[in-house]
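This report describes one structure for a reader who is new to such models. Please consult the display below while reading.

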Amino acid sequence: MHLIRKIFLTFLCFLFLTISSFAISDDETQVLTLKDCIEKALNNSPIVKKQKLNYEMAKKDVKLAQSVYFPTLSGGVSYNFSDRESDVSSTSNNLGVSASIKQLIWDFGKTHADVKREKFYRIAAYYDFDTTVLDTILDTKVKYFTALAAKVAIEVDKTNLQINERNYQRTNAYFNEGLKSKIDLVNSEVYVTQAKVALIASENLYKNSLSELNNAMYLAYHPEYHLEIPSEFSKVKDITPESLTELDRPIEDFLAPPEDISDAVLTAKVDTTNYASLYKFDKFPYSFEECLEIANKNRPDIKAYNSLLDAAKQQLLSVKRSIYPQLLFTGSYGYDGSNVNSITSDTNSFGIGVNLSTSINAMNQKYKIDSQKLQVELVENDIDLLKQNIYFEVQQAYIDMIEFQEQIPLLEQKIQQTLENLELADGRYIVGLGDYIELQNARMNYNTAQHSFIQAVFKYNVAKAKLEKVIALDQKVTVRLEDKYNEIK
């Protein structure tokens with residue numbers, strides 16, 4: 001029976017490990033969109049979790065301030081025994097029981113001000129949480145777009161390498177026929193090597209950007225995944241590996257000479273992908289004035305500071321009211337039972353009362369009020385400073401976005417121009433009218449134009465994400481606290 005149990009447990013363990021391995025395998029091949037990355041960042045972020053805990057603490061502080069309205073109970077039990085021996089022996093036992101209740105009736109609004117102050121702190125904590133969420137979303141977007149830019153740049157450099165390898169094969173064939181000089185052949189080998197170096201650099205840049213994206217999502221130990229090309233680049237081939245280990249390959253792969261290509265012509269055979277024609281460009285829908293209006297309305301940090309100002313005013317009110325007396329209801333009960341030399345006596349006592357009391361230190365009170373007034377002014381000054389900063393933040397973010405927005409059509413046009421120039425230079429070189437330097441300059445200009453366009457596109461997306469953050473535009477993917485409190489009047 002024991003052997004059967006061991007076999008059954010072993011089978012269960014094997015089944016569990018098998019299912020787990022399939023689950024991990026499925027997870028390793030998952031495709032992450034921008035939405036997925038943001039969700040992972042928000043769910044994994046310890047900073048977001050910290051702000052949520054701060055909000056929960058603020059809720060408890062409200063309950064703590066409200067607890068003053070509840071009665072205070074106290075009680076005690078005592079027992080004493082003594083035994084004396086002298087000319088007259090004496091033995092005594094004494095049992096005492098006491099209980100009392102104290103209830104605040106009125107303190108002229110001091111406790112009410114304390115409760116409202118904590119409620120305003122709770123509202124501020126809520127908006128601090130919103131600010132942290134917006135920061136996390138922006139950080140993830142920046143790292144995501146940076147990784148995508150590096151990803152597409154690899155494809156550009158792969159195409160560039162293919163162009164140079166085909167050019168090398170063609171120049172080698174011309175050299176063997178005596179149509180081109182040795183220096184052209186050597187130069188073509190140099191440009192192949194340069195293209196390989198550029199590809200290695202692009203792949204390493206992608207690895208670093210992917211690592212930073214993992215950091216933004218707080219995935220220290222993560223399964224492998226693929227980044228989905230966004231709809232703006234929906235036609236770009238998704239052949240770049242996202243695994244950091246897959247990008248590592250033997251250096252011999254780069255040292256090997258180009259493979260023989262029988263049809264080594266340039267523009268007719270090489271896939272000169274025009275990334276500009278594949279990009280769908282949508283302009284930002286709001287003007288600067290509209291952005292500024294949205295920011296002043298939506299920014300959670302403004303709302304948090306306004307709540308802190310209200311809390312400071314309530315604290316000032318509480319300090320002013322602290323000189324007023326407290327009206328308390330008190331009730332007490334006492335029992336005293338004693339036994340002295342076998343003579344028993346019991347005493348019960350009851351008492352109720354209303355107490356009005358206060359204590360005042362005039363100088364201490366004055367300085368407390370003065371200090372709290374300065375605290376109110378400090379918060380008001382912080383709000384003024386924040387509003388000034390918001391204006392310039394929105395202005396700078398809007399200017400940056402417009403810059404790249406205006407660059408994209410021009411860079412798209414530049415790609416078309418440099419491609420046409422490359423085709424012309426290639427044709428001139430074939431018939432002997434152009435030299436090799438002219439051809440390579442045209443090739444580098446085309447390659448640079450594509451890189452510039454890609455950088456402008458993704459910088460535009462980053463700039464737009466920053467603008468959306470500084471105006472606190474509603475996000476498609478976000479997290480919110482389970483409850484929200486309106487401003488307290």
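## Terms and basis

A residue is called buried when its relative accessible area is under 20%, exposed when it is over 50%, and partly exposed in between (1.4 Å probe, protein chains only). The model is predicted: local features need pLDDT of at least 70, side-chain atom pairs count only at pLDDT 80 or more, and totals for chains, interfaces and linings use all residues. Residues are numbered from 1 along each chain as its sequence is written, and side-chain values use heavy atoms, with hydrogens and water left out.

## Helix α8

Helices are DSSP runs (H or I, at least four residues), numbered from the N terminus. In helix α8, residues 288-298, the buried residues are Phe-288, Cys-291, Leu-292, Ile-294 and Ala-295. Viewed down the axis of α8, they fall within an arc of 165° and so line one face of the helix; the arc is taken from the directions from the helix axis to the C-beta atoms. Glu-289, Glu-293 and Lys-297 are exposed on the other side of α8.

Cys-291 has a relative accessible area of 0%.

## Salt bridges

A salt bridge is a side-chain nitrogen of Lys or Arg within 4 Å of a carboxyl oxygen of Asp or Glu. By this rule there are 11 salt bridges. One of them joins Arg-117 to Asp-114, with the closest N and O atoms 3.1 Å apart. Both residues lie in helix α4 (residues 110-176), three residues apart.

Another salt bridge pairs Asp-135 with Lys-469 at 2.9 Å, N to O. Asp-135 is in helix α4 and Lys-469 in helix α11, so the pair ties together parts 334 residues apart in sequence.

How values were computed
Helices (H or I, at least four residues) and strands (E, at least two) are DSSP runs, numbered from the N terminus.
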